[in-house]
Amino acid sequence: MQLDDLIVYHGGEFKPYPEAKLGLLTHAFNYGTGCFEGIRAFWSDDSAELYVFEPTAHYRRLAASAKLLLMDLPFVPDQLADITAELCRRNGFRSDVYIRPVLYKSEETFGVRLDDLEHDLSIAAFPNSKYLDSNEGVKACVSTWRRLDDNAEPARAKITGSYVNSALAKSEARLNGFDEAIMLTDDGHVSESSAANLFVARDGTVATPAVAHNLLEGITRRIVAQIIARELGVPVVERAIDRTELYSADEVLMCGTGVGIAWLRSLDHRIIGTGAAGPLATTVARVYDDVTRGRDTRFNCELRAVHNTPALAPA
C-alpha cells in the first residue's frame with residue numbers, strides 16, 4: 001500500500017493522507033512539542049480478524065504525556081480506541097499494522113514555550129510487521145550517549161523532541177556495525193535500548209531496570225513480566241542493573257510495541273549466554289504472539305476487533 005492510498009485521522013476527521021498537511025511554522029515541527037504513541041494491530045488467520053492491541057492503555061499513556069506538555073486529548077481513551085479501530089477498518093487492513101497517534105502543538109507561531117498554544121491530534125496507520133530483524137538475535141553495543149534524565153526531559157513520556165536522544169544512540173550503533181544500542185543512565189546503570197525495555201535472565205532470576213532509571217513504562221513490558229511469572233514461574237524483580245551484568249547474563253530480552261520480542265545475541269562483541277535464543281526468549285515470544293492474536297486470553301489484554309464490529313458514523 002502506498003502512502004497516498006492511506007486514510008488518516010487528522011483535524012477531527014478521516015481524510016486521504018495527501019490532504020493531511022502541516023505548515024512549515026507549526027510549533028511542534030520547529031520545537032519538538034508533541035507526544036506520540038506506538039500501537040500495533042495484529043492479524044489473526046484463525047478468526048480472519050484484525051485486533052488492535054491494548055489501545056486504551058496506550059491512549060491513557062498518551063494522555064499522561066500530553067499533560068506534561070500542557071495538552072489534553074480531544075476524546076477519552078476508549079473513544080480514541082474506537083476511532084483507531086475505525087481507521088484500520090476504513091483502510092481495509094488484513095495484515096499486521098503499526099499505528100502512530102501524535103498529539104502536537106499545531107499553532108503556526110514563533111517562540112519556545114508550552115503554554116497558550118493550540119494543539120491537534122493525528123492518527124496514521126500502515127501495514128508493518130517488523131521494526132527490527134531479530135530472528136538471528138540482535139548485535140548490540142553500550143552507547144556512549146546517556147539516556148536523558150527525567151529532571152531534564154521526562155523519560156516516561158513519549159515526547160517527539162526527546163527521541164533525538166534515541167536516534168543519536170541508534171545511529172551510533174548502526175554506523176559502528178551493530179543493530180541496536182543499550183543506553184545507560186547518567187550514573188551508569190542500565191536503562192533501556194534505543195526504543196525497547198530490557199529483561200535480564202541470570203542464575204535462575206529475571207530482572208528489569210526500575211522505572212526510576214529513566215525508562216519508558218512500557219505496556220509490552222508489563223505484559224512480558226506477567227508472561228514470565230506465569231509461564232516460567234519466575235517473578236520479575238525491578239532493580240538497578242550494571243552493564244557488566246549484561247555481559248554475564250544467560251539471556252537479555254528486548255520488548256516493546258515496535259520491536260515486539262527480541263533477544264540479544266551479543267553485546268560489545270561478547271556473546272550473551274549460548275548466542276542462541278534461550279528458554280526465556282522462546283517462551284515469551286510464543287506466548288506473546290498467541291496473546292496478541294487472540295489465541296491466549298489468560299492475561300486479560302484488550303484486543304479491539306476491527307472488521308467484525310459496527311462501523312462508526314462518517315466524520
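**Exercise 1.** Which helix gives the most to the lining of the largest pocket?

*Solution.* The model is predicted: local features need pLDDT of at least 70, side-chain atom pairs count only at pLDDT 80 or more, and totals for chains, interfaces and linings use all residues. Residues are numbered from 1 along each chain as its sequence is written, and side-chain values use heavy atoms, with hydrogens and water left out.

Step 1. A pocket is an open set of points on a 1 Å grid over the protein atoms alone, where a 1.4 Å probe fits, with protein on both sides within 12 Å along at least five of seven lines; lining residues have an atom within 4 Å of a point.

Step 2. Helices (H or I, at least four residues) and strands (E, at least two) are DSSP runs numbered from the N terminus. Helix 2 (55-68), strand 6 (97-105), helix 4 (163-175), helix 5 (219-232) and strand 14 (251-256) each supply at least two lining residues.

Step 3. Helix 4 contributes the most, four residues.

**Exercise 2.** Which residues lie nearest the centre of the largest pocket?

*Solution.* The lining has 32 residues, and Tyr-98, Lys-158, Tyr-163, Ala-195 and Gly-258 lie nearest the centre.

**Exercise 3.** Describe the lining of the second largest pocket.

*Solution.* Step 1. Of its 26 lining residues, Lys-130, Ser-134, Val-259, Gly-260 and Ile-261 lie nearest the centre.

Step 2. Strand 4 (39-44), strand 15 (260-267) and helix 7 (279-292) each supply at least two residues; helix 7 gives the most, with six.
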